[in-house]
Amino acid sequence: MEQLLDALRQIDYIFLIAVALRAATPIVFAALGGIYSERSGVVNIALEGIMLTSAYVCYKFAVITDSPWLGMLAGVLSAVAIALLHGLISIRYRTDQVISGTVINIFAAGITGYLYRAFQSQASAPYLPNISIEGLKDLPVIGPIFFDQPMLVWVMLIAVFATNVIIFKTKWGLRTRAVGELPRAADTAGINVNRMRYANVAISGLMAGLGGAFFTLQTVSYFTPNMTSGQGFIGLAAMIFGNWNPINAFLASMLFTIPQALAGQFQLFNVPLPYQLLSTLPYLLTIITLAGFMRRSTPPSALGTPYVK
Amino acid sequence: MRNFSFAKLWSGAWPAVASVFLALVVAGLVMVVTGSDPIKAYTSLIEGAFLRPGTDTRPTAFLDTLVSATPYLILALGISLAFTAGLFNIGAEGQLYMGALASVMVGFLVKGLPPIIHLPLSLLAGAVMGALWAGIAGWLKATRGAPEVVTTIMLNYISYSVVNFMVNGPLRHTGTAPRTPDIEPSAVLPNMLPSPERLHWGFVIALLCAVAYYFLVYRSPLGLRIRLVGANKEAARYAGIQVNRTYLITMLISGGLCGLAGGVEILSLYRFMPSEFTTGYGFDSIAVALLGQGNPIGILLAAILFGALANGAGYMQFSSGVSNYIISVLQAFIIVFVAAPGIVRDLFGWIRIKRAAPALPAKGGTK
Amino acid sequence: MRGITKRFPGVLANDNINLDLNKGEIHALLGENGAGKSTLMNILYGLYQPDAGEIFLNGKAVKIHGPRDAIAQGIGMVHQHFMLVPTLTVAENITLGMEEQKGVLLDVERPSAKIKEIAKKYGLEIDPGAYIKDLPVGLQQRVEIVKTLYRDAQVLVLDEPTAVLTPQEVEGLFATLRTLVAQGVSIIFISHKLKEVKAIANRITVLRQGRVVGWTTPAEADEAKLASMMVGRPVLLKVDKTPAKPGGETLSIKSLKVMSDRKSVAVDGVSFAVRAGEIVGIAGVEGNGQTELVEAITGLRAQTEGAIVMESHDLPRESPRAGIAAGMSHIPENRHKFGMVSSYPLTTNLVLSTFDRAPFTKNGLLNDAEIEKNARTLIKEFDVRTPNEFVPIGKLSGGNQQKAVVAREFSRPMKLLVASQPTRGVDVGSIEFIHKRIVEARDKGAAVLLISAELDEIMSLSDRILVMFKGKIVGERETAKTTREDVGLLMMGKV
């Protein structure tokens, strides 16, 4: 108890937020991906597997081409491809979307595990750059949080605001929302419902693909099987908690990573809590938020229902 | 059985069989592309899984396949029960772990009981623990509408940490390796045949579970209730069925089966709890459940298939040089094809059209 | 439209239909449920493609492949179930599919101005910024009409537009239609309501079972003639029944308050009783709380206040089980969602609420022999047309499905029957059958609560009529001592 209070007094909270923001990046990407897909009516549990696939492909291609940019491009393309596979199974073959997503996750874990072991190498992938601006990073508070972070953190923040504008203020977003709430209305207005859904699922793949790049091209430079550790699912919980709104989903993601960063700090300060139990924190929080928030959430009305003319 | 016909059986089994066949073809293509020989790989796989006879030091291949199939069978029954109610129990892996942990704990902490009591008690502990672990997700779904597909996965991750903590901490055996002490001999699930055969009574337990599953789901009122909730939960509600209570009961039984699988595995083959018990059985069993399509015989056959893949992989790698990780590719494709029978149908239709094309010019000219 | 033919699996929906529309006329398409009217108009609007036949606009043959083509040709359609997204605004819904942009973002000002202009021209005031979910049904319909005018529609098709309107709103709609026609718009008006068709149409085409059976004008035709054209034989609009002999109170509703899905008050302090041996009919335009009232009584929805009492026992909230145990039978208004499990056979569906009791369960297991015997008995008794008892119930026609639902509900000891829109989507023969059985149930001593949007059904079956308006009971009448006009006024809220 003593060490706990001591630690609480000594922690650099600005640094904590910076760490939490960094850790939230893949979760937010998954949440944004979920928002595009689900707002158009397609449940996308597959984001976990898509992120994992992208992480692997980013790593492999970055090593082969010795360029993190080409690696990221390849990863994103692979993510979009797998996302479209999920779309195909859900939209064209009208399989239950949760089954399709679960299947894609198992498929991705199997394929990446196989490829990893079959072509195992010790090579390190080149990193994507950090954004570390000399003058700005020493500013109080906002300095370390914003101006000394990996590049993808900035991409993530831009994506959050861009998604907010796209969904609520553009033609694309309007049509997407119509397709997700009352597809028949969109159909009679002349909009191709399934094409909109495929496109949004592809965008969700793009988001998850960027999230995957974060694992192997920004934090560590190698791939381990199942390295996404459920963060795709946590992203979905953040999406639900944020009521399918990008800015709220971002805040919800921070709500998960701040306690996680706190737990990490406790370890540094030798607070005698077993690390295994601390590591369950994000998963516990996810369960608690889902239990507390499900009844109050307002998902798109046509979510999960394939559209039949 | 009323209303039974072979035509109906085949039409139900066809998607599963076709999916496996197609997956074999695709995995074969992957092997060709990466420079291996699929025919050699598959023949040595079949040899390693079914045909190799036992020797003084090596168990009979087929019997060992049954040993591998045992956990798949019990887990898939549990997952399939959940599917029947419309629930996604992706937490089979975590329930397996927690069940194994509980079984081992009763196995070595409780001393001085005769096997006739100790063994069933340990297995029961596993089943109860699994049921409770799944019950958390079931209760949250029934009372708060929390999606079980996410909560069960979260509970998986939590279970890894719990087992890790317990085995490295309070339950740790003296010595350097992180593991629990061995279980008492009275808690061991014994083998059915003398060494080197590994076939143990757990296989019989699994078969009994399959029989129980049939009677529960297809012949009992509770089973009909579960099926109706899965088919149309609003109509079930209207008819007076308590849907949320049914969800909870289903998850409890499902978790109980998965926990039992953990107990069976650990008390027979391992007889202690290691800190890293990564099996992946819980996820592969989802594929087994999908292949089985809710039919206990189908699930049994699918479990034997996956047992064969697990058992024969080692020999396949040794004999043909193909990395045994191709099995995961195979399983991955099986699961995609089983989930979208439409893809299978389209691909088969495409193959049939290509074969039919040469016949058309011969018929041409008549109109 | 010439020679339009359209086939669906198992049914010939449109059979060589010819239809003419003159400029500036209101042409009514009359027929009962399932006659093919909506199908024909969906073809005109491009939602379906005809198997045969052609469409001519202003003398020229046109091909309509989808709604976009139809809109381009100046055809607009207002569907029976509105195509409005509740979470979007009026302007967003109207501009969906032809949005205007300011750069990358949506332009809201120009469409709003255009909407206000149209509103003024045709006397259809609406607020472009309002959210659809906040608008009452009558205004929502107005938005649908403006949506077609925004796209310069010259031909307007209205599919059962009065189903969801109060008689007052119907008058308002008719006034709007007359204004539109004066401005040169031509209108096709689909309905199965004889009175309205006579009141508004210039010409009437009657469809029956996919074919045109005749044309007429309101001047030449009377209701009886129209009705018999619709069903092909003289229609018995009244059911033979002896006077009721009511006994004690079976169902007692006390100050019931129920909320709707939209978090508004649907049932606002309703109290009434139904006695054994009488049929109480609740009349009212759909959407005045009847659905929520029935759901509360049958336990599918929790009431927020008030009591539901069966034979002096308070029923617990939201428990269909308790109602069934107390002797309540329920014919639901939406049999697909609530009343049956489509993929399961008749055998299962006919024991849906009783399979866990003897004789259907023996020694803990289901007794298939008894379940099948029960099915065969009920199928015969209730004239359910099916090849055998193992057919999935979803494969039967609507009328036979409903008869099966009735059979099941009647097969339990029935103290109270709650019948909600019992003959919706059902063929005429089955309607007569079901009506007879309901009266029989009453004569055997059951209390019957009948809810129907068809005033004729209420008037011919009920002994007593309660009228619901905006969630309250606004009037009670003995059927023998009242008239259609009297009830109609109450339905409008005019006491």
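In this predicted model, His79(C) has contacts with Thr188(A), Asn42(C), Tyr45(C), Leu47(C) and Asp159(C), leaving aside residues up to four places away in sequence. The points below cover this histidine, then an arginine of chain A, then a pair of helices in chain B.

**His79(C)**
- His79(C) lies in the loop that runs between strand S6 (75-78) and helix H3 (90-95) of chain C.
- The relative accessible area of His79(C) is 8%, and His79(C) counts as buried because that value is under the 20% cut-off.
- One of the residues that His79(C) touches is Thr188(A), which belongs to chain A.

**Arg295(A)**
- Arg295(A) sits in the segment after helix H14 (281-293) of chain A.
- With 54% relative accessibility, Arg295(A) is exposed, because exposed means over 50%.
- Beyond residues up to four places away in sequence, Arg295(A) touches Lys141(B), Ala142(B), Thr143(B), Arg144(B) and Gly145(B).
- Asn164(A) is 131 residues from Arg295(A) along the chain, and 24 Å separates their C-alpha atoms.

**Helices H7(B) and H8(B)**
- Helix H7 (residues 202-219) and helix H8 (residues 221-231) of chain B have axes that come within 5 Å and cross at roughly 65°.
- H7(B) is therefore roughly perpendicular to H8(B), since angles of 65 to 115 degrees count as such.
- On the H7(B) side, the contact involves Leu216(B), Val217(B), Tyr218(B) and Arg219(B).
- On the H8(B) side, these residues meet Pro221(B), Leu222(B), Gly223(B), Leu224(B) and Arg227(B).
- Sorted by class, this contact between H7(B) and H8(B) has six nonpolar, one polar and two charged residues.

Conventions:
Residues are numbered from 1 along each chain as its sequence is written. Chains are lettered from A and ligands numbered from 1 in the order in which they are written. This is a predicted model: local features need pLDDT of at least 70, side-chain atom pairs count only at pLDDT 80 or more; totals for chains, interfaces and linings use all residues. Side-chain values use heavy atoms; hydrogens and water are left out. Helices (H or I, at least four residues) and strands (E, at least two) are DSSP runs, numbered from the N terminus. Buried means under 20% relative accessible area, exposed over 50%, partly exposed in between (1.4 Å probe, protein chains only). Contact means heavy atoms within 4.5 Å. Axes are lines fitted to C-alpha atoms, for helices over the stretch in contact, and angles run from 0 to 180 degrees between N-to-C directions. Angles under 35 degrees count as roughly parallel, over 145 as roughly antiparallel, 65 to 115 as roughly perpendicular and the rest as oblique. Ala, Val, Leu, Ile, Met, Phe, Trp, Tyr, Cys and Pro count as nonpolar, Asp, Glu, Lys and Arg as charged, and the others, Gly among them, as polar.
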